[in-house]
Amino acid sequence: MGEKKVITFDTENGLFHLQTRESSYVMQVLNNQQLVHRYFGKKISHFSTSNKITYLDRAFAPSPISGNRTFSLDVLPLEYSSNGLGDFRTASVELRNSFGVGLDLKYRTHRIYKGKPTLEGLPSSFGTDDEVETLELELYDQLTEITVTLLYSVFEEANVLARSAKITTGAHPTKIERCLSFTLDMPRKDFVVHSLMGRYGYEKEWTRTPLTSGRYEIGSVRGGSGHSQTPFIALADESITEDSGEIYTAHLVYSGNFKAFAETSPLHHTRWGIGVNDTAFSWQLDAYQTFQTPEALLSYTDQGLTAMTHTSHAFLKHHLIKSPFVDKVRPILINNWEATYFDFTEEKILELAQLASQTGMELFVLDDGWFGHRDDDESSLGDWFVNRQKLPSGLKGLAQSINDLGLEFGLWFEPEMISMDSELYREHPDWAIQMAGREPIYSREQLVLDLSQEQVCDYVIDSVTSVLESANITYVKWDMNRNITNMPERLANGERYEFHHRYMLGLYRILDTLTTRFPHILFESCSGGGGRNDLGMMYYMPQAWASDNTDAIGRLSIQEGTALIYPISSIGAHVSAIPNHQVGRETPLETRGNVAMMGGAFGYELDLTRLDAEEIQGISHQIATYKDIRKTIQTGHFYRLSKTDNTQAVMFVNEDSSQAVFTFIKILAQPEAPLIQVRLKGLDPDAQYHCPRLDETFYGDELMNVGLTMPHVQKDYFSVQYIFNKQ
């Protein structure tokens, strides 16, 4: 028998067939060399003629073939479309040159090979030659001499297809005005669009929107992916459940301005896609230059939402996150921010660290205020040298003292920012993003460094390197606390609007250099919480601070939406003080702990010196418990069991189903409330599981099919955590 192929080409019929474990993706080269999409969905063994293209004379559908009114680009399922030549739907690529607008893209050649190329200057998925096979498909416009190379990398077992596009000019310069990573035409419109919306302190809200006639679009023009929307879109059956139904998903591996859309046609088809936002974007290509789009990750399953989540979690951990920490358990940390804000001394930090050590915590993170003369948010960003008035022992001495307590030491940075009250700004005001003739636009009293300048990127790399080499630092929290305004004239002048993308290329160079230079450091991304929690950042940093909202009840929906697509180990979640600093709510310590443990990067954000002995003992108990279950939570399978407006139940099951962690939360007590029974998932049906808290043993099939009755407790913000160990 010959070697199994996941990408095949039927020369006689011009058919490309790409197969993953669950899906098939089919394209066809027509007789006129036009490339069209034929099928994406449940895996099939062969594709032939069951859904032939039907050519009809459609009113107002222009034809590029004289005498043939049935052939029109406006109704064909084009694989990668252009504007200006008869397709009036949203185009994959729009450009402008001396020939006008539009591309007549025709198939020219292709090649299929084992493995996957990297994308120059951009984060992207990866895999071995045994895990991934790639198709490079070349389309060409003869008049403009422009080549569009479509890249398809098939991760068969992981059930993911990675897509991107390269635009290459010939002898004629061209300005790109849109260049999406993919668009895809589907022969139906009865979808519900799943996306993640929100705002600051309310990120990643799982939103479901029925797709009606017209267009659904999300995106960002903030210079980052943003708190409000996430570079992710999914099309699902209207009747989808956790365990059944079709869902098509698309992630974008990018951290800047993006756009995702789904639009229906009058003929009840759907075109959807994702890529760099074309608002405030254009890119000048001189002769024989190339523009590479970010990568999109596509997947399909007919096994419902849980299967989609498991596919996404596994793929990101094994094929997207490059950090060596991806498979390591995360340390339990304490961050001093909500304990002290800017007002701390070395003695106060060591007092917190001493108590943290006694409770069993493993990492102390020093947040904002350790550098320059930073006593508030109006100064010193960019001056990455230690404030000796606050820390007379310096970072090296402080780190050593904390290490002596048995804790690792971590540090907060905001390297992309600059304060006007800083030595850096006084020396290099031209390094801040500003527009000539206009006053700066401030946010959090700070400006943004211009990472489109190579020398600025070099400064960030050198200054951060100097700090990280100065002490035993094993963790970095990388923050970004404002959006980008006042784009510089040289890259935003009407002819060129390249600034936002060049900023991202600069940032990615910085992150690639630093994370490669310091592989022993665990990096966490942050942007006022989840303001840039996306796959571009996750490629470099295996975890993200999910939200500045540390209230346990407020965190339920935030963590639910984040866990829909992102690995549990990537979700930073902490226990904070009461009354909560964001919403003023008073929630029991047990519930704060149980909710924070639902995120894989678990820790604390409060002043231990203000707690009584009972609270310290409670924290010590939580930490001891979490150490016993964190591998299951961080590396196991995640299940959403049930959710109402007032309750939520989830569970985590390790790889061999020998341990499960179940969490139930009830928000408000209700009079004469009915009993709640929850069915568990993912267990070995024939095995017995002992629950220490209940001091009972159950068979797996009983827990999964009969279910477990929840305690009837009349308290607000009640929660319970059950651990089940296979006997």
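This is a predicted model: local features need pLDDT of at least 70, side-chain atom pairs count only at pLDDT 80 or more; totals for chains, interfaces and linings use all residues.
Four strands form an open sheet in the order 1-2-3-4, and their pairing is antiparallel. Strand 1 (7-10) and strand 4 (35-42) are the edge strands, each pairing on one side only. On average, neighbouring strands of this sheet are turned by 15° against each other, direction ignored. Strand 1 and strand 2 (residues 15-19) run antiparallel and are joined by four bridges. Phe-9 has Phe-16, in strand 2, as its bridge partner.

**Salt bridges**

Side chains of opposite charge can pair when their charged atoms come close. The count here is 42 salt bridges.

| Pair | N to O distance | Sequence separation |
|---|---|---|
| Glu-138 and Arg-108 | 2.7 Å | 30 residues |
| Lys-259 and Asp-278 | 2.5 Å | 19 residues |
| Arg-693 and Glu-590 | 3.0 Å | 103 residues |

Lys-259 belongs to strand 17 (residues 258-264). Asp-278 lies in the loop between strand 18 (270-276) and strand 19 (283-285). Both residues are buried.

Arg-693 is in the loop between strand 36 (688-691) and strand 37 (696-699), while Glu-590 is in helix 10 (residues 589-597). Arg-693 is partly exposed at 48% relative accessibility. Glu-590 is partly exposed at 35%.

Salt bridges with shared partners also join Asp-87, Arg-89, Asp-185 and Arg-271 into one network.

Definitions and conventions: Residues are numbered from 1 along each chain as its sequence is written. Side-chain values use heavy atoms; hydrogens and water are left out. Two strands pair if DSSP finds at least two bridges between them. Helices (H or I, at least four residues) and strands (E, at least two) are DSSP runs, numbered from the N terminus. Axes are lines fitted to C-alpha atoms, for helices over the stretch in contact, and angles run from 0 to 180 degrees between N-to-C directions. A salt bridge is a side-chain nitrogen of Lys or Arg within 4 Å of a carboxyl oxygen of Asp or Glu. Buried means under 20% relative accessible area, exposed over 50%, partly exposed in between (1.4 Å probe, protein chains only).
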